[in-house]
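Trainee: I would like to learn how to read a model of two chains, beginning with the place where they meet and then going on to the folds themselves. Could we go through it step by step?

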Amino acid sequence: MSRTRLVPDPIARLPWRVILLVVAIGAFGQVVLYSAAGGSLQPWALSQGIRFFVLLGAALAISYVPERVWKSSALPAYVVIVIALVLVELVGAVRGGSQRWLDVGIRLQPSEFMKPVIVLACARFYDMLPPGETRRFGAIWPAALLIGIPAALIAKQPDLGTALMVCGGGIIVMFLAGVPMRLFIGGALALSIAAPIAFNYVLHDYQRNRVLIFLDPESDPLGTGYHISQSKIAIGSGGLWGKGFLNGTQSHLDYLPEGHTDFVFATMAEEWGLVGGCLLILAFLLVIRWGVNVGQQATTRFARLTAAGLATTIFFYVAINLSMVMGLAPVVGIPLPLVSFGSSAQMTVLLCLGILMSIDRQNRRAVRW
Amino acid sequence: MMRRAPRIVTEAMQTYSFSRRAWLLGTAQGAVGVLLAARMGWLAIAQNEKYNLLAESNRVNLTMIPPRRGWIVDRHGAPVANNRTDFRVDIIPDRLEGGDAGRDRVLTLLARLLALPPEEVERIRIDLDHAAGFQPVQVAENISWDRFAAVSLRQPELPGVAPTRGFARAYPAGAAVAHLTGYVGAANAEQFKQTRDPLLVTPGFKLGKDGLEKQLETQLRGTPGAKRVEVTARGKVVAELPTRADVPGKTQRLTIDVGLQEYAARRLGTNSGSAVVIDCRTGETLAMASMPAYDPNSFSDGISHLEWKMLSDDDHVPLMNKVTQGLYPPGSTVKPLAGLALLEAGVPASDHVNCSGVIRIGSGLFHCHKRSGHGPVDLKRAIEQSCDVYFWEMVRRIGYDKVAPIAHVMGLGEKFDLPFSTQRYGTVPDSAWKLRKYKARWTVADSLNAAIGQGYVLANPLQLAVMAARIASGRALLPSLLANRVHLDVPALPVASEHLATVRDAMYGVVNQGGTGGAARLLVPGVAIAGKTGTAQVRRITMAERRSTGVLKNGQLPFKMRDHALFVGFAPADNPRYAIAVVLEHNGHTVRNLDTPMIGRDIMTWLFDRDRAIRSLAEVEPTWGGDIQTRMTAQADAYRAAQSPPPAANATKTDPSVPSDSDAVEAATDLANQTQAALAPAVANGDLAPDDGAPERTAP
């Protein structure tokens, strides 16, 4: 390695390309939050920035944790979080009509941690499963149970967005593990039959309302459809180059609700236009592609499934959030990772990145040895 | 299933399957990324214009500035209707906050700031309950600057309250021009639904509701301005943007002389009547006063139920424009016209009829107004003395069908092109008309009644003025009201000019040579007036009444039973310049100063010697309780006092729904006019003996 002479080896071995991408996304997020606060570091940009770099440091630290630790702690972590979810159900704090938080000194949202942990748990399950069993029934029901229990608990809070993401993460791992394709095709068919039934009998009124308004936002421009309408106005009025930094009217005059959290992309698009939006989407895609590639290069089955699954978790965040702000999906409370103000998603995504970097480190060691 | 050999999955196969599926996953993720970018492109590029517009309409709050209404000016440019600065406060119900409690808080604070009396607060409360959310409810208008400033300062604590500085319509001449201009008012819900024009619900905007204000609405309205401000989603104003000024409506010039109009209205005094003055050279209408009237200034603010009730209860029908809507039997004022018809039919002016005071036609006896008879009368004397027997005898000879065409030539029964929504143009009967309308043959009695302007003959005061102007000028003048719509090229009348001269001479005699209209003689040196008086009976005089008590005097009769008094004339008699018609409902010739000849004389005097006319009015006006405003105030006070118990505070201000073509006014007009129609058949039986002439005679 020729680079070792210029910089110390441990630093040179960091995955610089992805770190720079992540820092670029995070920094851009802080610029947007600065504008969302009307050109001020307070109350969002500064605290978000500090937290971002602290958590990024933590992610880098995590990257030194060897794969076997993740492997051995996957199922215990899963059990702990399921217990926490049950506790939330029993004694959790209610905020905004749903019961998602656990007060233990700091306010914890266990469902948030379930997003990466479900990937780890499923990966661990298929890792333990002998290869010959993969196409049998025994390869399916335990995984379905692993996914179903937390998903049901989270859906009951109610937090449909997170429940769907937990399901999505788990199912992707099943898919990658080689569960027969016809199951997924059949599942998709079953879903399309079950969806209308669920819509009518399972969803809460506010959730049903959100779906209805998603289908026709103009039907209620001042009620629940207001979010989608205003978000589309912000994005649409931005045009190709945007209105310019600090010049957004939708966000600065408070027409765009949640302009610093779930709808931060609209705030950004109004000022930076299509160009800013495409660059941000591209950056996210590159990070996700790196994650999937880490999986492709991984040497163990657990590492492969975990890496591709965590990359897909990040993808779910981005895709669901962007679909929502552009009016392609109903409003479900999924923030845009690294950009939206708030600690939970930021923490989850950087944890995912930390694990991915840890696997990446393992891969390269494997190559070298 | 179990029979089929299960595929043996090895670790190598698993790895291969993983990399294939991971590649599929990556591709799908990339595809979703492209889809999202495409969606964003669609919003930001393809639909950019639409969303830009929406963002702009979010950001910019437009407040319409009602346009200043065009002035209405008289022939000399003096304002008939103009605009005064007005500070007003409205509540927009939609923007009130905090439910009933919030509303009460706002009302309490407003009541304190504006010193509103409790009944006003109650009125606002009731109006708010009934208002459509978008429609502003008036709190107060025409308030002082201090109070306006007090409300403006505290606007942040008064959500939904809109203090505005605008313009309000003003009519300097008040009630004197009410029936001419009409009035303005806020648009009603139907009008807004029809056009959806946001201007209609802008606080302070008024549109024409009646009269010229309504007819000329398009020209008078103008284009609204707009105040633009940048606002946040919560409605907080962030910045003021450039304001677009309003474009005032166009000034409309009338042929009216507002000085004359006001004088005529005042001179009518306590009468229920009207006066019309027409320029004999152009047909321009110089004055058309109908009294009593409402005050258009207070009408434009919205009137109370009490005020409205007072106006509708009044037997002098202040809501009716008598000039174009009142129909009256013209009585003896048609005698010059009948004389002209006789001359045109070949009856020599010198032919005599011996008037013994009564004439027997068939089985009926017809009494001349002078019981002792006029003795031998020729045409000139018959017009001067208004001898009924002469016209009965002569018209019996030629038949009324020879008179009716001349009546039409003179403008009776004709509708004129004037900016009024309704005109009633009466009847000139003839045999064909009667057959059509009543399926009955024309009788001699019909001819006799029509000959002296009774029976089926009905005309409005404007037509009588046109008749006078046409006799005076010999031309088929058309009346006009708008300065840009004067009809100058009118043909000569299709009658011999020497016949017209004979009739004019007789009308000169009526006033100046011992005729019935001596009281109308002008006191202006060198100017003589020619005219004709008339009386129209509105009740039957039965043979029983004649035998037992004698014909009752008008002063003994209730108001509605008294005779109408009429006068038509022109001056100067030798070179006619102005023509006039005065019609007083149920005047009965009871008070000399308030009778037609002297009113006609004074209005004419104003045109030749203004100071003399004003002096003359100043002498007599106190005898009937002062000028229009004073009398109206006194009447309103008396009416209010008579209402016991006083009506509850819920006397809400309403938009007076009384344009002259409304049902209520139509009904009142019908009621006033139906007496005539009811009498017409009775006359045919000879029960009705028309009376004529003013009882007061001046020495020749």
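Trainee: How many residues does the contact take from chain A, and how many from chain B?

Mentor: Keep in mind throughout that this is a predicted model. Two residues are in contact if their C-beta atoms, placed from the backbone, lie within 7 Å. In this case the contact takes 43 residues from chain A and 39 residues from chain B.

Trainee: Which helices of chain A each supply at least two residues of the side that touches chain B?

Mentor: They are α7 (160-177), α10 (225-238), α11 (249-252), α12 (264-297) and α13 (301-325) of chain A. The largest share comes from α12(A), with twelve residues of the side of chain A that touches chain B.

Trainee: And how do the residues on that side of chain A divide into nonpolar, polar and charged?

Mentor: On the side of chain A that touches chain B, 22 residues are nonpolar, 15 are polar and six are charged.

Trainee: Turning to the chains one by one, how many helices and strands are there in chain A, and what percentage of its residues is buried?

Mentor: A residue counts as buried if 20 or more other C-beta atoms lie within 10 Å of its own. Chain A has 14 helices and three strands, and of its 369 residues 50% are buried. Of the contacts in chain A with a separation of 6 or more, 68% are between residues 24 or more positions apart.

Trainee: What are the corresponding values for chain B, in helices and strands and in buried residues?

Mentor: Chain B holds 26 helices and 19 strands, and buried residues account for 47% of its 700 residues. When contacts in chain B between residues at least 6 apart in sequence are taken, 76% of them join residues at least 24 apart.

Trainee: In what order do the strands lie in the open sheet of five strands in chain B, and which of them are the edge strands?

Mentor: Two strands pair if DSSP finds at least two bridges between them. The order in this open sheet of chain B is β12-β11-β19-β18-β17, with antiparallel pairing, and the edge strands, each pairing on one side only, are β12 (285-291) and β17 (530-536) of chain B. Strand β11 (residues 272-279) of chain B is joined to β12(B) by six bridges, and the two run antiparallel; B:Ala275 stands opposite B:Ala289 in β12(B).

Trainee: Which helix lies across β11, β12, β18 and β19 of chain B?

Mentor: Helix α20 (residues 461-473) of chain B lies across those strands, and its direction is at about 150° to β19(B).

Methods. Residues are numbered from 1 along each chain as its sequence is written. Chains are lettered from A and ligands numbered from 1 in the order in which they are written. This is a predicted model: local features need pLDDT of at least 70, side-chain atom pairs count only at pLDDT 80 or more; totals for chains, interfaces and linings use all residues. Helices (H or I, at least four residues) and strands (E, at least two) are DSSP runs, numbered from the N terminus. Ala, Val, Leu, Ile, Met, Phe, Trp, Tyr, Cys and Pro count as nonpolar, Asp, Glu, Lys and Arg as charged, and the others, Gly among them, as polar. A residue is buried if 20 or more other C-beta atoms lie within 10 Å of its own, exposed if 12 or fewer, and partly exposed in between; C-beta atoms are placed from the backbone. Axes are lines fitted to C-alpha atoms, for helices over the stretch in contact, and angles run from 0 to 180 degrees between N-to-C directions.
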